[in-house]
Every structure is written in structure tokens, then in C-alpha cells.
Amino acid sequence: MILTAVLVLGLIGVIFAIVLYFVAQKFKVLEDPLIDEIAEVLPGANCGGCGKAGCRAMAEAFVKQGNMDGLKCPAGGEEVAKKVAELLGCTPEVSDPMVAVVRCNGSCGNAVSKNNFDGLADCAFANSVYAGESGCTFGCLGLGNCVKACQFGALSMDPETGLPVVDEEKCTACGACVKTCPRGIIELRKKGIKNRRVYVACRNKEKGAVARKWCSAACIGCGKCEKTCPFGAIKVENNLAYIDFNLCRLCRKCVAECPTGAIHAVNFPPLPPKKEPADSTAVKEPIETKAPETAKEPVNINPTY
Amino acid sequence: MKTFKMGGVHPEENKISTNAAIEQMPLPKQVAVLMNQHLGAPATPIVAKGDKVKVGQLIAEAQAFMCANIHSPVSGTVNKIDVCKDMVGLPKTAIYIDVEGDEWMETIDRTPDIKRDCSLEPKEIVAKLKEMGIVGLGGATFPAHIKYSVPEGKKAEYLIINAAECEPYLTSDHRVMMEHAEEICIGVSILRKALGVPNAYIGIESNKPEPIRVMSEMAKNFEGIIVEPLVVKYPQGAEKQLINSITGRKVPSGKLPIDVGCVVSNIGTTFAVYEAIQKNKPLIENILTVTGKKLPSQHNYQCRIGITYNDIIKHALGELPSNTGKVISGGTMMGKAISNLDAPTTKGASSVLVMDESESRRRPESNCIRCGKCMNACPMGLEPYLFSALVKNNRIEEAQSHNILDCIECGCCFFSCPANKPLTDEIRLGKAKVRAMMAAKK
Amino acid sequence: MKISGSPHVHSDESTKKIMWRVNLALVPMLLTGIAYFGLNALLISIVSVACCCLFQWLIEKFILKTPSTVCDGSAVVTGLLLAFNVPATADMIWLVAIGALVAIGVGKMTFGGLGKNPFNPALVGRVFMLISFPVQMTTWPTVGKWFPMSIDTVSGPTPLGIIKEGLSHEGATIQSVIDANNLPSLTEIFLGHMGGSLGEVSAIAILIGAIYLLCRKVITWHIPVAFIGTAFIFSGILWLADPTMYIDPVTTILTGGIMLGACFMATDMVTSPMAKSGQLIFGVGCGLLTIIIRNWGAYPEGVSFAILLMNSVTPLINRWCKPKRFAC
């Protein structure tokens, strides 16, 4: 009895093994093994930051092209680029590490809310229904589409300010949040030496007085920073200042000059106390010391994103 | 009584301002006339700062195909042409005019006499509609001259006048019918002539017995005007549903009413047509209901376009009640919540509806229990619960294949959902995403 | 001021109202259950409902860490339906607590709570108990006098069980089994004066509840009519083919759980199809499977399995059966 069962089951097993072998041979897909190897190296988050459908599609694109020109995995950064270059046998594209930066200052304290949104918690939808809690048509809507878009858990909403916060350690600069924000608040900026960055935390293009009406920390386009900047890195266009991160040398003169505190400097050691009032944000930010040691010099290579 | 076959809901009617006769709203100190008050491209200003304008003078011209002329609603001086925030707070271009006196253009006939005969040819009627800046007043503000120029190869068989006023609270159409029945019938005859159709049907929901009586009496004096009482069911006044109710025809997905031989016009528009054609009066005024369950008084006003919502509220109520939760332009089912009360009214405005804190709050959302009420309520036979899930998971192509673009955003699904899911919000977002995807594919 | 997309009003419909309406509709069955089976029925119902609510509260509080939804009444529905699906014997007073744990814990909360469960939780609990405690679950109290107040009732089988058992003997026919066992008359069956589960015995109480739900638009006629109709027609065909071996259709639909299942368990919104056409298919499937299981399966009763099997294909039916689109 037992013997019969063992024999029958064994026979069935053998028959299936043979069938499976032939089927596998028949339907075998010939594929460059390099694709698998590269896909292995890529982060595997399928974030879409490269513009491809996912990491495997990106690996296929690498192999098809044979080199890395124009293809970049923003999430993987330099490390992945080196590994891929090794596998492909070419030189990796060198670029500065980037990080997502939230350019809005409309926290609950700065921008007093007049309206209360009561509906589908989605920024894109809210953007079509009203201007914003305070009335600023450029500011953060605070419903967290960027947080949902981030595959790396680098974004979170700060319940106190109502603004998203970027975890610099986790941010891979894939750009998913930049794409998803209906108001274009998030920008990828150069990570900077020791993670130090200076940027205008406002997107309001309205005239100064109007912008001020919505938010006490709005950029009013006064142009003081533009005049102060010794490197010509700041441009005021449409009542809004913008700091070109490739020209900025992190001197922080503009930060002290800004009358509304719209310019943020992060990860700097605190300034001497006499210039304190204009630079309160820099003190609040935790000082990051784990900056990548590779980016020591301010290189002026255009980013390739 | 006729009605549409599929879906629909019956929200509380709340027609509390039906007995308030139309009052004249006093002139404000300043008006802001927005340049896009209609569907399509904004009009181009043809006046400059400091210019003197009269009531009814052309101040902005339609240059694109899908556009409508805009006339000055007041007399005075152009203060500036500048950015103006509309009622949802988004910046638009507007002409600000400081009001000085009330001097009308000489061409406008301001006498109260009713002018019955119209000798214009159909083409001349359409041209005059364009000149007078008439747009559809049912909500979509579709430029009238485009609607009444029937494309070649198509033939209009029915003219349907939408007087269903299925939205809760709104009573402006009701009042217009009560007070201007004859003018409306003349307007309908003019439109009938412009289209060359034998019969015009005026569809009125049966919760308005008085207007049905008045209009039926009046229609006897005119040739080819038939008053159709309709079942009280929302969205009876939606274009596709109204056509289905009255003619039994169905406008296929992605097609226009004219494809099934129908042209639909709002009752307010026919009154504007009468004034434009017979009295040379451009579209510079509209009739607004100021209402709310908790308000001390209910009103219907004839207002100049461009007056701010704040001015209207100040005149009608003194000031907003302190527990106001929401102010809505339009009815409760499809109206827009106003976030900026300093915004001016536009041609398409139909009401100022004030809701208090308790009425305006949405109840907390819970899990979908797959009861299918949204599906049974949908007048287009769609599956709102499915769209909700697809949009949430960003499966946009699938949503498109389930005809998400057919949604008319009537709000029946959210209205009937026992789990209070914001279905209409999700579908609107989904439609926007589908359109963006289609645009990207092109 | 508040800002939201339209519409700005809502019907006063809510999940809570729907669930409490179902509970109200279940009350007639509870009353007949108490009338036939006495104190046991009441105790079982109380234990079942209390355990369902307790387990839901505990799971939400300590495992899911979400706000409690016990008040929405869905746990009470599950508890009552579970109690209605077990025999009213003294053993059940404690066993039903295990059923409640499986129904709420496995059948409902593992999937994320009300609205996300693919199977009817009460049936999951019931089938678990049927497989785990087959003896206790198929020992039925006999119905003697009205309102029996003692906890110990004499056990006896259900009409379906008797027939199934009787037919397994060689040479037996329906008539001989009925004659030998003194089975209840049709009137008695209709009133529920027979052996069976706590809530399923009285067809008239079930009909009262179902008519209330139909009037309040909690359920539609499609599933019950398709379910019972199919069972009637299918068993009718079998009966006409061989009246000696198959039960007549009227007895078929009035005995066992067909009435209760068709009106209250197959119509569960969460686990049944949404489109009308889908609901008809669902009902027909339930009816066919029930009769197949009853006549050719190992169990005398098949409603629970039939509904659970059809629950599993509900997503497919939903995908296939679309509502009629406007102008298509």
C-alpha cells in the first residue's frame, strides 16, 4: 500500500519534472544577463525618478544604450552610478548630490488661516477648489501629496507648521515629490557642503503688499538680497527672489538682509548673537555633520536632472 | 409626468425664497468686471485707465472663437485693469470701474413696454446675441452665439428650455417666470426662429405649480411653446437628463445635444435674449437668490454684474451671521464654496447661499460598505465607488476605460453615500488626471 | 469659513443607520427563537452579541489602534446572525463565544474591519464551529411546548437531517422516512415549529424582517428572490424527476437556512455584488449550490457553504456585471 503510493507520487513527480523542463526550454527568453546584474545594483524602489517605468526598465535602458549618457538614477546617487558604470564598463557621470527643498514658509503662525478645507485630502484636488488656507495662491496646501509620493519615507508633515519636512538622510533626490506638488513648491537643490544650503522659502509672485497680507514670512520682492549678494546668485523676477545654487557661495549675507525672513539658511552653525533676529531658523535646524566627504569643493558643474 | 430613467436623488428642496419678489440691488461704489466670465478664452479689454464708460458700453471684446463680449454694468471711470481674485481665490484679470451716476447707452430701450415683434433673420439674431455678450445662465456660461449657430450637416429638432431648477434653495428662475412670463415666451419664440425648430418645450419641475400655471397660460398666446411639468428629481436640470426626460433621446458619451437634434437653453437665458434682441440691452445684470435656512430674511435681487459678494451680503443681511460656516455660489448640489467674499459676481452667478456651521460640516468618512447606493444614484450609470478606488491607487487608464469622463459631477454619489466618502471629489480629481494623461499622450 | 467641493449637502443615510435597521429586522427572529427554544436562545444571543462587540473593541483598541466602531452596529448584526445559525442547546452558550472570536477576528478584522471583509463574518464563524464541533453543532433541541424555560432540552434532529439520514438506508423513500419519523406538517414548518437553528426555524418571522428591510431600502429583492426561486425551481425539477428520493420544493425552501440565508446573509452588502444583474447571478449561484450540497453533499444543509462560495466570486461578478451606462 505504502509502496504503491510512493511509486505513484514519485512517477507523477518525474513526469511533471520532464514536462516542466521541456516547457522551460521551449519558452525560454533570451535576455542579456547584464540586465539582471544592473537591476540588482539599482535601488529597487521603482520611484520613477529616472523617467523610466521602474528599476528594471532602467536597467534595460542602460544595457541597450551601453553607456550612461543621459541616464541617471537620481535615487541611487553616486554609489549606484559607480557600480553601474563598473558593470557597463564606462565612466560614471559626475554630478552634485541633490536634496529636495520645501520652498514655502506658510506655517500656521506665519500664514493665518481664514479658510478651512473640508474635503478629499489631496493637494491636487484642493488646488482646484480654493486658493489655500490663508489665501496665498502659491503656498503649501498641507495635505501631503508629497509625503504620499515619497518612496523612501523622507518626507513627513510637521503637525506644528503644517508644512512638509525633508529628512536629508533619507532623501535621494528622485524628484517624485517635485512632480507631484501641484504648486511646484518643492525643488531639487544642490545638497551643499556639509549639507549647508541657502534658499528662498517662498514662491509667491504677487506684489509685496499682497504677499504680505497672506503670509508674514513671504518674499516681497524688495530686492535687498539681490543687491547684497556679492556673487550675483540672486535674481528677483515677478516679485520673487530666487537663489541660483550653482552661484551661491553660502556667505549668508542675504539671510541677514531679508526683512521678512523668507530666506532660509540650514545646517549652519549659529551666527554670532548680534545678527540673531534675521537668522532664527538656522538655529532651530539640527546641525547635520554626516555630510558626504566627497563634495569638498564648490564645483560648478550643472546638474543633470 | 416625464422624468429621466436612470439614477437621481431627492435632496431636501428648501425653496424658501420663492415668495420674495425680485428687488433691485443698489449700485455699489466700485465694480470689478472679470475678463473670463464664460466658458472659453478670456475677453480682451478695449478700454484703458481713466476712460469714461456708460452702462452697456462694450469694454472687452471677444477675439477667440470660444469667447463672449463683456459690457460695462455701470457708468463711471475705469479705475484700473488689474489682477482680481475670483471667488475661489485664484487670480484673474479684471476691469475695475468707479461708479459715477447711472448713465445708460442711448441705444438701450429702458421703457417698461413689451416689444413683441422680431423682424430679424436667424443669422442676424445670432450675430446680435454675440454682440450683446449673451452666455448660458444655467451654470456652464456657454457663449450663446455658438450654441445657436447649428453646425453644417446637423439639424435642430427640439428647443428645450430648462426651467427645472432642480438645485435646492435656488429660486431665481422661479421668480423670473412669475414676473416676466411674457418676455420669456417672446425670448423663446426668438430662439425658436433662430434655430428654425417647430416646437419649444419648457421643462418645469412639478414642485413649482405657480410658474407652471403662469407659463402654461402665457404659452397659449404663442405658437409652438409647450410647457412640460417634470417629476421632482435631482438632477432633472442637467442637460443630458433633461433631454432624456422630455424627448426620450440620449446624448451619447462625448457628444453634444445637437448630435441628437436638441438645443437646451436656460430660462434665465431666454429672458436675457429677449432683452438683448428687443431692447438692445447687453448681459449686464443677473438675478441672484440670497438665501439660507438660518437667515432672518430671504431675497431675490436683480444685480449688476461685477458687484462683490460682500456688497450683496451687506445690503441683504447687514453682515454675515457670526456662526456662518460656508457661503456658496449656486445651489447645494453643484455650487462652489466661496473662499473670497471680496470677489465680484460673474454672468453665471445664480445665488448667494449662506450655511451655518452645523449645516456646512461634512460627517467623518468611514469604510465603503459596498452598498451600491452611489451606483444606483448615478444618473449616468457609472460606478463611483470604483473610481474612488482607482483614483486613490492612481490607476488612471482603468478609470478612463470605465467612462470616468462621462461623469457630470452632479454629486448624487456623495449625497447618497452612507460612509460619507468624498466620491465626487475623488472623481473630479480623477477626471483632471485623465485629461492630463490624454494631453500628455498627444 | 469652510471650503469643500460640491455637493454641500448629504442625505441622512449612514452606515450606522443601515446596520441598526438590520438589527431591528432581526428582532422577530430573536423573539420566535425565544418562543421555541426558551432561555437558551436568549442566553446564546446575548453571549454571541456581547462577545462580538467585545472582540471588535479589543482588536480595535489593542491591535489595530484605531477608534472604536462598535457603535455602528455591525458587530451586533454579526453576533445576532451567528447566534441564529447555531442550535439552541446548552453547550452553545459557551461555544458561540469561540464562533464570535473567529467571526470577528478572522472573518472581519483581519481584513480591516467592516467593508473590507470578503466573506460574511457570521458565516465564517458558523462554518468554523460546524467543522470544529460537528457533534454539538448538529445536535438540535426538539421543540415541545412554547417558552421552555429549562436549559436542558431533549435533543433531536432537523427534518432535513432526518430525511438525509433516512434516505441513506437501502430501499428507503421520502414517504417511508416521513411516515416513520412523524415529521412536522407544512404549517408547522412555516411557523417554525420544528428542529433547527435558533433563528432559521420560523419563515414568517424572517419574512417580516425581510419586508421591513425591503421597505427601508436596505436590501433589494434581487438576491432573495433569485436565491429562493432557484432553489425552488431546481429542487422542483429533481422532485418531479423522482418524488421518492427528493424532497418537494415547498418543504425545501422552508426548512433549513434557505430563508434566513437568502434574506439576511446573502444580502449582506459588503459581500454581495453591487449591480442588479450581478445580484441575480449571485442569488442563482447560491440557490444552485445549496440544493447541490443538500442532495449530493455530506451535509444535510448547504446554505452557509453556498453563500461563502458565492462570496468568494463576488469580486469577479462585480468586475463582469456593470450597471447600464447612460446612452449605451
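Biologist: How many residues does the contact take from chain A and from chain C?
Modeller: Chain A gives eight residues and chain C gives five residues. Keep in mind that this is a predicted model.

Biologist: What area do chain A and chain C bury between them?
Modeller: About 570 Å². Carbon and sulfur atoms carry 54% of it.

Biologist: Which residues in chain A lose the most area to chain C?
Modeller: N115(A), N116(A) and D118(A). Together they make up 61% of what that side buries.

Biologist: How many salt bridges and polar contacts are there across that interface?
Modeller: Zero salt bridges. There are four residue pairs in polar contact.

Biologist: Which elements of chain A give two or more residues to that side?
Modeller: Strand 2 (116-117) and helix 5 (123-129) of chain A. The residues on that side divide into four nonpolar, two polar and two charged.

Biologist: Does strand 2 of chain A run parallel or antiparallel to strand 1 of chain C?
Modeller: Parallel, with two bridges joining them. F117(A) stands opposite I3(C) there.

Biologist: Switching to chain B. What is the strand order in its open sheet of six strands?
Modeller: The order is 1-14-13-17-15-16, with mixed pairing. Strand 1 (22-24) and strand 16 (336-337) of chain B are the edge strands.

Biologist: How many bridges link strand 1 and strand 14 of chain B?
Modeller: Three, in the parallel sense. I22(B) has N300(B) as its bridge partner.

Biologist: And which strands does helix 8 of chain B touch?
Modeller: Strands 13, 14, 15 and 17 of chain B. The direction of helix 8 makes about 70° with that of strand 17 of chain B.

Note on methods: Residues numbered from 1 in each chain as written. Chains lettered and ligands numbered in written order. Predicted model: local features only at pLDDT ≥ 70, side-chain atom pairs only at ≥ 80, totals over all residues. Heavy atoms only, no water. Contact = heavy atoms within 4.5 Å. Buried area = accessible area lost by both parts, 1.4 Å probe. Salt bridge = Lys/Arg side-chain N within 4 Å of Asp/Glu carboxyl O. Polar contact = N/O pair within 3.5 Å; in protein donor to acceptor, adjacent residues only side chain to side chain. Helix = DSSP H or I, 4+ residues; strand = E, 2+ residues; numbered from the N terminus. Nonpolar A, V, L, I, M, F, W, Y, C, P; charged D, E, K, R; others polar. Pairing = 2+ DSSP bridges. Axes fitted to C-alpha atoms, helices over the stretch in contact; angles between N-to-C directions.
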